[in-house]
Amino acid sequence: MLDILYQDEHLVAVNKPSGWLVHRSWLDRHEKVVVMQTVRDQIGQHVFTVHRLDRPTSGVLLMALSSEVARQMSQQFEHHQLNKVYHAVVRGHVHEADTIDYPLVEQLDKIADKFAKQDKEAQPAVSHYRGLSQVEVPIAVGPYDTARYSLVELTPQTGRKHQLRRHMKHIFHPIIGDSAYGDLRHNRAVAEHFDCQGLMLHASHLALQHPVTHQPLLISAPWDSRWQNLMTEFGWTSQCPEYNGVEINLAITQDSSVR
């Protein structure tokens, strides 16, 4: 059973667990547990995807209950007419709030995209980040006797593949647990000393305009036990997001500055 965060006659949102695929993929034919089928069985109704989260990413995942609503919501995502807020645990100390404006080359799959153009130009990609808390723990990693980590809030303004993960690597603060772009030594250290496995990236809030009622809608996904345990270990429990009464600016356009 998945935790349903929001449901009406047009939309349903769930708290996607880390490690779950959104839908079946021929690239992972042996995976039988996927979000879409689980939600369909849980609510007894067909669902349509409007956006995706990477398999290792947890948090708010929104689906439509009709193809027409799915089309409308897909347009909102395509035109950046909503706001997504993530939280991540990263390597190093991040104290500031800043913007990463760093174009990304589209990543192609060797099999699925073998006929696609291979020399595409980099696409604009903008992410905003804000340091929330920092910690230094007495664990030797590499040449250092201690390890430093930060809790950051991330807001992507564009939606490129693996954008937040690639952007945090670009500023030398890779996300903990990221096997593709992260620091494997720190990934192992956090897993070994704090029993925390997997990517520490969570889609905490999704703010949008309802496609039918046109009313502002804010959907939030609480952290799971893995997150809560690490927050306790790092002394960051006071940074647990306020899931009620969160204010997020809905006036999002492609060129706007999202904070």
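## Helix α3

Phe172, which follows α3, has a positive phi, near 65°. Helices and strands here are DSSP runs (H or I of at least four residues for helices, E of at least two for strands), numbered from the N terminus. This is a predicted model: local features need pLDDT of at least 70, side-chain atom pairs count only at pLDDT 80 or more, and totals for chains, interfaces and linings use all residues. Residues are numbered from 1 along each chain as its sequence is written, and side-chain values use heavy atoms, with hydrogens and water left out.

Helix α3 spans residues 163-170 and is mostly covered, with six of its eight residues buried. Buried means under 20% relative accessible area, exposed over 50% and partly exposed in between, with a 1.4 Å probe and protein chains only. The buried residues of α3 are Gln163, Leu164, Arg165, Arg166, His167 and Met168. They pack against β5 (83-91), β6 (97-101), β7 (126-137), β8 and β9 (201-209).

## Nonpolar cores

A nonpolar core is a set of buried Ala, Val, Leu, Ile, Met, Phe, Trp, Tyr and Cys residues joined through side-chain atoms within 4.5 Å. The largest has 27 residues, of which Val39, Val47, Met63, Leu154 and Leu201 touch the most other members. At least two residues of this core come from each of β2, α1 (35-43), β4 (58-64), β5, β8, α3 and β9. Helix α1 gives the most, with four residues. A second, separate core of 21 residues includes Ala147, Leu230, Met231 and Phe234.

Leaving aside neighbours within four places in sequence, Leu154 is in contact (heavy atoms within 4.5 Å) with Lys84, Val85, Tyr86, Ala88, His128, Tyr129, Leu164, Met168 and Leu201.

## The β1-β2 hairpin

Strands β1 (residues 4-7) and β2 (residues 11-16) pair in the antiparallel sense over three bridges; pairing requires at least two DSSP bridges between two strands. Three residues lie between β1 and β2 in this hairpin. Gln7 stands opposite Val12 in β2.

## Second largest pocket

A pocket is an open set of points on a 1 Å grid over the protein atoms alone, where a 1.4 Å probe fits, with protein on both sides within 12 Å along at least five of seven lines; lining residues have an atom within 4 Å of a point. The second largest pocket has a volume of about 190 Å³, the volume being the space filled by probe spheres set on the points.

Its lining consists of Arg91, Gly92, Val141, Tyr144, Thr146, Ala147, Arg148, Asp183, Arg185 and His186. Both β8 (147-156) and α4 (184-194) supply at least two of the lining residues.
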